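Please have the sequence and the 3D view open while reading.

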Amino acid sequence: MDLRQFIYNKIREYNRISRSELAKKYKLRQASVTEVSREMIRDGIIVEGDVAASTGGRKPVFLEVNGEAFFVVAVEVSKSFMTAKVYTSEMKSVYSCQCEIDAAIDNDSFSRQLISLINDVMYDSDVPRQNFAAIGVGMSGTVDNDTGIFKGVPNLQNVYNIDLKRELEKNFGLLVVLEHDVAAILTAECAFRGIPSNDNTGVIFIDEGIGSAFNLNGAIYRGSYNGAGEFGHVSIDHDGRECYCGRKGCLEQYASTANLCKDAKVKSFDEFVNEYSSGNKQVIEIFDNSAKVILSIIDNVCSLLDLKKLIICGEFAKADDIFREFAGKQDFKYRFSFNSAECEAKNSTEIIFSNDAERSGIYGPGVLAARETFTQLGIERYV
Ligand SMILES: [Zn+2]
């Protein structure tokens, strides 16, 4: 590890520490600490804080991480909404806005709408333009990570093959990271949970739509045509409900939070969970039927991929307690467990619910944008 990264890490670890303490604690040359910290202050990633207590002579000054080293815009393009959020470099949310996507939208209108949403969120956040460093976009659908081209998504039939990365770079003059939405979430979840990149880890995102992403043998598995992870379009009934992808019986048509709410005739998933907990028989039946299918598919995925961890996130994670309770009542030996010690002992997959309200589909693209900006500043963060 180079000295810049080392000193930065130590400043983060201690929250605030003086140059002389750093030099003394880690046997570093005072002049090197002074030079490296001067460069990091110039780059805006650390700042000088309060004056430290002194035992005599000149009073030393504390160094702190700059909580607003830069700002990023995160965008989530889901099935029917575009959401944009401004985050600080420490991933603190500043401001967000959202707009609906018309299902009949074409390439030009889609790009215009996206650009105007990003402009709005930047302007309304009151953050000066020059403080923005990057834009991260998470797209449901197919993204070509090599070219930055958005290939399309089944529910928007007139949107395909947009050179989105270049278009946004040209428009905003900022670094742009484009990623499949669930792959972005997977990266963020692993970063924040400290899961090493060589642990085989998966994410299943159950929200308005359903998707998944898998980190296998140290890399995100993308498939032959960048189409891997379409968990929501695993068919559970070939004569089942019609799906917008053109097939029948897709899991999403039964188990997405949007469809669960529709079937239960409730307005929100919070209401759905409340109705379940207060004993609404119809809601219980709807949930239990879906939970049974989800459990069975998850178990098959665990058998097939021999994962170390599988993270369930999205709005569905609000139902973590009732899902766990339902799973516990089934008379079946699962290939996974919710208990990490048990997984270690039995070499089985640990299922983790990520029910932090902040960790939605918008968080991942934000982390990717911040990580990329830090990399350009010579610092590894969110890895
Ligand atoms: Zn489908």
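## Terms and model

Helix axes are lines fitted to C-alpha atoms over the stretch in contact, and the angle between two axes runs from 0 to 180 degrees between N-to-C directions. Two packed helices are described by the angle between their axes and the distance between the axes. The model is predicted.

## The buried face of H8

Helix H8 spans residues 257-264, and its buried residues are Thr-257, Leu-260, Cys-261 and Ala-264. Viewed down the axis of H8, these buried residues fall within an arc of 95°, so they line one face of the helix. An α-helix has 3.6 residues a turn, so residues three or four places apart point the same way.

Just after H8, Lys-265 has a positive phi of about 55°.

## H8 against H9

The axes of H8 and H9 are 9 Å apart and meet at an angle of about 60°. The two helices are therefore oblique to each other. H8 passes H9 in a left-handed crossing.

On the H8 side, the contact uses Thr-257, Leu-260, Cys-261 and Ala-264; on the H9 side, Phe-269, Phe-272 and Glu-275. By class, this contact has 5 nonpolar, 1 polar and 1 charged residues.

## H10 against H11

H10 packs against helix H11 (residues 320-329) at an angle of about 70°, with the axes 10 Å apart. That angle makes H10 roughly perpendicular to H11.

H10 contributes Phe-287, Asp-288, Ala-291 and Leu-295 to the contact, and H11 contributes Ile-322, Phe-323, Phe-326 and Ala-327. These residues divide into 7 nonpolar, no polar and 1 charged.

Methods. Residues are numbered from 1 along each chain as its sequence is written. This is a predicted model: local features need pLDDT of at least 70, side-chain atom pairs count only at pLDDT 80 or more; totals for chains, interfaces and linings use all residues. A residue is buried if 20 or more other C-beta atoms lie within 10 Å of its own, exposed if 12 or fewer, and partly exposed in between; C-beta atoms are placed from the backbone. Helices (H or I, at least four residues) and strands (E, at least two) are DSSP runs, numbered from the N terminus. The arc is that of the directions from the helix axis to the C-beta atoms. Angles under 35 degrees count as roughly parallel, over 145 as roughly antiparallel, 65 to 115 as roughly perpendicular and the rest as oblique. A crossing is left-handed if the near helix is turned anticlockwise from the far one by less than a right angle, and right-handed if clockwise. Two residues are in contact if their C-beta atoms, placed from the backbone, lie within 7 Å. Ala, Val, Leu, Ile, Met, Phe, Trp, Tyr, Cys and Pro count as nonpolar, Asp, Glu, Lys and Arg as charged, and the others, Gly among them, as polar.
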